[in-house]
Amino acid sequence: MLAHRRFPPLAIAAAAIMLALAELLLADRKYGLFTGGFGQSQAVDSVVERAMFALGYGLAMAALVSAFAWLAAKILRRSRGWPFALHVIALGGGAFLFALVVQLQLHAYFSDAVSFALLKQLGGGSLGDAMLFAANEIAIGLAALAIAVLGYWLIWRWLVRRYPVASDARQAAPGGRSVILLLLATFAFALFVGRVSGDVRNGLARTMAWRVIAGSADALSDVDRDGYGLFGRLVDGAPFDPDRHPLALDTPGNGVDEDGLGGDLDLLDVPAALPLTRIGGERPNLVIVVMESVRGDVLGKRINGKPVAPNLEALAGEGGAIVPAYSHVGFTTQSLKSLFSGALAPKTGAPSLFRDLKASGYRIGVFSGQPEDFGGIAETVGMRKTADQFFDGAVLKDKRAFAFGAQGSVLVDEKHLLAAFDTAYADGTNWDRPNFLYFNFQSPHFPYHHDGVPALVNDQPLARSDISVENREALQRTYWNAVAYSDSMLGALVARLKDAGQWDNSVLVVTGDHGEALFEHGFLGHGHRIDREQFATFLVANRPLADIDAPIGLSDYRAIILRLLGAAVQPMRRDGIFMHVGDLDRPTQIGLAEKGGRITSLRLDTDEACLVEKQLCQPRERFSGKNSARIERLIRRWGSERWTIYGAQEKRKTD
């Protein structure tokens, strides 16, 4: 039977059909491809849409399988009959399954807005670090791949001996002309569907065969070489003009809509970051504590009837609190740069709190559970250059809680930071002039538990290997227990300041760097979907926070803190807090948080807008009235923020 002439093509076709069914079932479960769900307004849910989807997907799969079989025939010239079919199924199907599993595993923690640029940012600017973050999973995957290859070789050798290849066996490869015709038919359908149905186009874009075929066609159709063609999610409306394309920098007032969003940019007045500012007068101590990944709803949070953050709540009662305070990007490196510099995207060497206070005669101490060179944080804000005492995850590498290789995974327990502080400040003369102390508490970082964390509000921590949406409740309790531990270390720090007689002369500011989704709406982590869980955190101080209304952004902190220290600076006045997923210049998603809990977001790759607080997501064109005006404000704000940062550079190029 294995030598039958019809076996190779039938076997390859049957394998392709099974792979296609598996992908579609998993895609519907993950993305609501056919059934919809929260945040998935562009479901393929009508009879006509499903018929169009089936045609497009079938063409793409047929073209991909045929092209792979044709290429394999050229490479495997000596392989005939069933061995040829076996090799094509194993190699092509194995690669397909591997890519599918990696994609879905990645999207179990991230959204489908994830990109290499975003992963690089989550890795602090290093794609290698981002990959090292998942080193354990990658190692397991490589081991499984090695076992699979060995098993396949052994099975093939046994089959060759058990079922010799017939002399009249033939390869099952289609002719080159058939492959070309299938590719052309797929290209033609891609052009058609992109103009008649956004739902079908975006549904197809979630399948691998379509992405491979349409992506290749998009690259070939990019005649003006601006990075956009006619077949991608973002279609180039001016294919012969390299200055006009999706995400192009829109020059205000020139009468041209370069990016195709909202017409010619009507520029908003975006406040500039403060210049270098010196502190005069009494110059109180400044202590900043950043709690990694701690959400804005930490105040008042109870687990098993126990307060998660009693010390933080006591500070808020003594001084003040602002909730929500939004990260602009939802990940650590850029959040800390904004916090210390007061700018959305500061340049290296820009004014910062470290440079302000060093120029004001402060002694500076850094005690961080992460490597502060990670992602260029220390270099950008002048942390290492200004510090008199510097202890971070790199200096304290022998104290690391995990053996992960990525800088973004380094975690040093808070108790080691306090021990370093005790050593550095054992000599009372260190208080002979004002001090700026920066602490970074890392325990609430993924995977939310390490051996040094005691059971404070939860008795049974969830192991990293057990993290899944099915264990969401256990995961959430584990996360909040880590937050409770950081809060207890905050209490220990306050006690030390009081014992040193410095409490009354110290301004203490506590915040998170961003939020954390804990499988709400199916997401885990931060910085990959604009919502309150991932982007909102808090600002708490032991001094009153007068005349400051929520929401605020991390870039507002520098002005707020300088005012608390007595500097004569005006608070930042922004019309809403701008947020983005990915690089500011080419984001996947943009958002604007306004008063009243309103959050507006727009995915630039699908043109899907969301009124997040209403859980209403749909194509931008379907909104009208006040809701449409919210989206227009968001687009205008992005264009203005972007032009403020990149416009001067563009002008210098053209002048």
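## Helix 18, a covered helix

The buried residues of helix 18 are Tyr557, Arg558, Ala559, Ile560, Ile561, Leu562 and Leu564; buried here means under 20% relative accessible area, exposed over 50%, and partly exposed in between (1.4 Å probe, protein chains only). Helices (H or I, at least four residues) and strands (E, at least two) are DSSP runs, numbered from the N terminus. Helix 18 covers residues 557-564, and because 7 of its 8 residues are buried, it is largely enclosed by the rest of the structure. Just past the end of helix 18, Gly566 adopts a positive phi of about 105 degrees.

A word on what you are looking at: this is a predicted model, in which local features need pLDDT of at least 70 and side-chain atom pairs count only at pLDDT 80 or more, while totals for chains, interfaces and linings use all residues. Residues are numbered from 1 along each chain as its sequence is written, and side-chain values use heavy atoms, with hydrogens and water left out.

## The chain as a whole

The secondary structure of the chain comes to 19 helices and 17 strands. Of the 655 residues in the chain, 54% are buried. The chain exposes about 28100 Å², and carbon and sulfur atoms supply 57% of that area (Shrake-Rupley method with a 1.4 Å probe; for residues, only the protein chains shown count as cover).

An open sheet of 8 strands has the order 6-5-7-1-8-11-4-12, with mixed pairing; two strands pair if DSSP finds at least two bridges between them. Its edges are strand 6 (389-391) and strand 12 (552-553), each of which pairs on one side only. Strand 5 (residues 363-368) and strand 6 run parallel and are joined by 3 bridges. Within strand 6, Phe391 is the bridge partner of Phe367, and Gln389 stands opposite Gly365. Helix 11 (residues 332-341) packs on the sheet, where it touches strand 1, strand 7 and strand 8, and its direction makes about 160 degrees with that of strand 7. Helix 16 (residues 472-499) also packs on the sheet and touches strand 1, strand 7 and strand 8; its direction makes about 170 degrees with that of strand 1. These axes are lines fitted to C-alpha atoms, for helices over the stretch in contact, and the angles run from 0 to 180 degrees between N-to-C directions.

Now for strand 1 (residues 285-291): 7 of its 7 residues are buried, so it is largely enclosed by the rest of the structure. Both of its faces are covered, with Asn285, Val287, Val289 and Met291 on one side and Leu286, Ile288 and Val290 on the other. Strand 1 pairs in the parallel sense with strand 8 (residues 506-512) over 7 bridges, and Leu286 has Val507 as its bridge partner there. Strand 1 also runs parallel to strand 7 (residues 435-441), with 6 bridges between them; here Val287 is partnered by Leu437. Strand 5 is mostly covered too, with 6 of its 6 residues buried. It runs parallel to strand 7 over 6 bridges, and Phe367 stands opposite Phe439 in strand 7.

## Two nonpolar cores

The largest nonpolar core has 51 residues, and those with the most contacts inside it are Val289, Val298, Phe367, Phe439, Leu490, Leu508 and Val510. Such a core is a set of buried Ala, Val, Leu, Ile, Met, Phe, Trp, Tyr and Cys residues joined through side-chain atoms within 4.5 Å. Strand 1, helix 10 (310-318), helix 15 (414-424), strand 7, helix 16, strand 8 and strand 11 (536-541) each supply at least two residues of this core. The largest share, 13 residues, comes from helix 16. A second, separate core of 42 residues includes Leu353, Ala559, Leu562 and Ala567.

The structure holds 1 disulfide, a term used for a pair of cysteine sulfur atoms within 2.5 Å. This disulfide joins Cys610 to Cys617, with an S to S distance of 2.1 Å. The link is right-handed, with 115 degrees about the S-S bond, and both Cys610 and Cys617 are buried.

Glu533 lies in helix 17 (residues 532-535). The C-alpha atoms of Glu533 and Arg295 are separated by 6.6 Å, although the two residues are 238 residues apart along the chain. Not counting residues up to four places away in sequence, Glu533 touches Arg295, Gly515, Glu516, Ala517, Glu520 and His521.

Terms used:
Contact = heavy atoms within 4.5 Å.
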